[in-house]
Amino acid sequence: MNLILALLITWTPLITDATENVGLDIKEVYYNISDENLNVKVEFSNFFKDEFTSCSTWIDTDRNRGTGVLINDIGADYYILVYYWMEDETLTTHADLYRYSEGWNFVQSLDVHDTQNGFWYSIPCDLLKSSEIYLVFKTWHMGEEDFAPNSGNVSISLPQLEVWNIYDSNDNGKIEDDELIDAIMDWLNGKLSDLELINVILKWLTS
Ligand SMILES: [Ca+2]
Ligand SMILES: [Ca+2]
Ligand SMILES: [Ca+2]
């Protein structure tokens, strides 16, 4: 099933990284957006799995290097850690999403699949609450690292979100009274148009 799914996905190249003499060497990164998910595939030139290896994706969702954690030239507000863990004598692949807010906080685990040369994972776009994200990838193996890109970042445009998503600060898919008040304050301060405020109010009425 997962193999068929992977074959059906049309991958768009995102990064071609240099061959570097490091523990786990990133070669190519691809992405795809389908069914409201962002799918990301990472290929290595020397792929192997062990419990001392991980690959992280650092994501700047507000495109502001002053928020989150500085890596290359971005301020990462989220990161996704892909790692391998021994369960019942089998090495299994995991992907966990973290969000930065006075430290890194676990959000949820993501679907992740092994491929011949690496892995790919899926993240629901609406979790990121952004129309464009900046990304940096980094591997770690026994103290050796590979960055991709080696400097700077790459960007991906995400499908446009309905405005209310931005005010759903507790991520429960609803707009509560305090979240509506935040939207009204932004509207009073000219940060939100009448139509955008109506979008939030309509969601509040049905929440
Ligand atoms: Ca590399
Ligand atoms: Ca940021
Ligand atoms: Ca590199």
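Two strands pair if DSSP finds at least two bridges between them, and strands here are DSSP runs of E with at least two residues, while helices are runs of H or I with at least four, both numbered from the N terminus. With that in hand, welcome to this predicted model, where local features need pLDDT of at least 70, side-chain atom pairs count only at pLDDT 80 or more, and totals for chains, interfaces and linings use all residues. Residues are numbered from 1 along each chain as its sequence is written, and chains are lettered from A and ligands numbered from 1 in the order in which they are written.

**Overall layout**

- The protein chain holds 4 helices and 14 strands, and its C-alpha atoms fill a box of roughly 55 × 35 × 30 Å along the principal axes.
- An automatic or database domain assignment sets the domain bounds, giving domain 1 (2-157) and domain 2 (164-205).
- Between the C-alpha centres of domain 1 and domain 2 there are 31 Å.
- Of the 207 residues, 29% count as buried, meaning that 20 or more other C-beta atoms lie within 10 Å of the residue's own; exposed stands for 12 or fewer and partly exposed for in between, with C-beta atoms placed from the backbone.
- Two residues are in contact if their C-beta atoms, placed from the backbone, lie within 7 Å; among contacts between residues at least 6 apart in sequence, 51% join residues at least 24 apart.

**The open sheet**

- Five strands form an open sheet in the order β1-β2-β3-β11-β10, with antiparallel pairing.
- Its edge strands, β1 (12-16) and β10 (111-114), each pair on one side only.
- From one strand to the next the twist averages 20°, using axes that are lines fitted to C-alpha atoms and angles that run from 0 to 180 degrees between N-to-C directions.
- β10 and β11 run antiparallel and are joined by 4 bridges, with Val112 standing opposite Tyr121 in β11.

**Strand β4 and its partners**

- Because 7 of its 8 residues are buried, strand β4 (residues 53-60) is largely enclosed by the rest of the structure.
- β4 runs antiparallel to β12, with 8 bridges joining them; Ser56 has Lys138 as its bridge partner in β12.
- β4 also pairs with strand β7 (residues 78-87) in the antiparallel sense over 6 bridges, where Val82 is the bridge partner of Cys55.

**A look at Asp126**

- Asp126 sits in the loop between β11 (118-124) and β12 (132-141).
- With 17 other C-beta atoms within 10 Å, Asp126 is partly exposed.
- Leaving aside residues up to four places away in sequence, Asp126 touches Glu36, Leu161 and Asn165.
- Met185 is 59 residues from Asp126 along the chain, and their C-alpha atoms are separated by 23 Å.
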